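Please open the structure in your viewer and keep the selection panel at hand. The stops below say what to select and what is there.

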Amino acid sequence: MNTKDKLKLKQLALSSKRLTVTALTIVAFLFVFYWLFFVKKDNSIGLDVNRDINVTPEQIQSIRDIGEWEFLAISNEELVDTVRKGLLSNDELVRIYYGTLRLGINMHLAAPRWLQAKDDSVTVTLPRIGLLDRDFIDEARTRSFYESGRWTPADREKLYHKAYRQMLSHSLTQENLQTARENAEEQFRQMMKGLGFKHIVIRFE
């Protein structure tokens with residue numbers, strides 16, 4: 001190989017080396033550019049999280065579809081009596097009634113926009129606490145405690161209604177209603193936390 005050919009090979013190798021260095025320089029520049037403007041920016045590459053919590057209409061409807069939610073059950077026992085005066089003696093009927101009064105809410109009565117959510121905050125407006133089932137006396141467990149004289153079905157019906165009123169009076173107290181409200185608030189608060197909300201307001205109609 002003559003001197004001229006050797007010189008050409010040397011120049012070609014030098015040119016190839018320069019291209020390689022140039023390519024590496026471009027790659028390095030692109031890496032630094034990406035790091036400064038995408039990774040380093042706000043130190044938050046990959047951490048740009050959408051904090052909005054999406055509760056779908058289907059989820060809201062599924063909660064309403066549950067219908068009646070019981071938050072407090074009150075077992076009650078009432079001893080009631082009635083006396084019928086006679087000329088020589090009195091007739092008396094004493095019976096024991098058992099019942100369970102269930103306090104809660106009926107979600108079918110909730111307002112159309114009972115759940116309002118924005119970002120990580122939610123306001124839940126629930127129906128008022130009330131008696132879920134008005135047929136709460138267990139007649140199968142009712143028994144006579146004392147009975148003298150003859151009593152008609154109408155007499156026993158009157159005694160039943162007397163027991164019914166007493167159970168309502170003794171069970172639907174402000175204390176029991178407040179306990180049911182607190183239980184409802186706690187359960188719905190935990191439910192909303194499970195959905196991701198941090199700021200939760202529970203109200204009652």
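**A parallel pair**

Start by selecting strand S4, residues 121-126, together with S7: the two pair in the parallel sense over 6 bridges. Keep in mind that this is a predicted model. Within the pair, pick Val124 in S4; its bridge partner in S7 is Ile202.

**The rest of the sheet**

The 3 strands now shown form an open sheet in the order S3-S4-S7, and the pairing is mixed. Which strands stand at the edges? They are S3 (115-118) and S7 (199-204); each has a single partner strand, so one side of each is left without a neighbour in the sheet. On average, neighbouring strands here are turned by 10° against each other, direction ignored.

Next, select helix H4, residues 174-194. Helix H4 packs on this sheet and touches S3, S4 and S7. The direction of H4 makes about 145° with that of S7.

**Around Val124**

Go back to Val124 and show its surroundings. Leaving aside neighbours within four places in sequence, what is Val124 in contact with? The list consists of Trp114, Leu115, Phe188, Met192, Val201, Ile202 and Arg203.

Val124 also belongs to the largest nonpolar core, which has 38 residues. Val124 and Phe188 are the residues with the most contacts inside this core. To see where the core comes from, colour the elements that give it two or more residues: strand S1 (68-84), strand S2 (91-106), S4, helix H3 (153-171), H4 and S7. Of these, H3 gives the most, with 6 residues.

**The hairpin**

Now select S1 and S2. A hairpin joins S1 to S2 through 6 residues. The two strands pair in the antiparallel sense over 16 bridges. For one example, pick Glu70 and look across to S2, where its bridge partner is Gly104. In general, strands of a sheet pair through backbone hydrogen bonds, either parallel or antiparallel.

**The whole chain**

Finally, select everything. The secondary structure comes to 4 helices and 7 strands. Following the chain along the sequence gives the pattern α-α-β-β-β-β-β-β-α-α-β.

How many residues does the chain have, and what share counts as buried? There are 205 residues, of which 28% count as buried. The accessible surface of the chain comes to about 14,700 Å², and 54% of it belongs to carbon and sulfur atoms. Among contacts in the chain with a separation of 6 or more, 77% are between residues 24 or more positions apart.

Key. Residues numbered from 1 in each chain as written. Predicted model: local features only at pLDDT ≥ 70, side-chain atom pairs only at ≥ 80, totals over all residues. Heavy atoms only, no water. Pairing = 2+ DSSP bridges. Axes fitted to C-alpha atoms, helices over the stretch in contact; angles between N-to-C directions. Contact = heavy atoms within 4.5 Å. Buried < 20%, exposed > 50% of the residue type's maximum accessible area, 1.4 Å probe, protein only. Areas by Shrake-Rupley, 256 points an atom, 1.4 Å probe, with all protein chains shown as cover. Core = buried A, V, L, I, M, F, W, Y, C linked by side-chain atoms within 4.5 Å.
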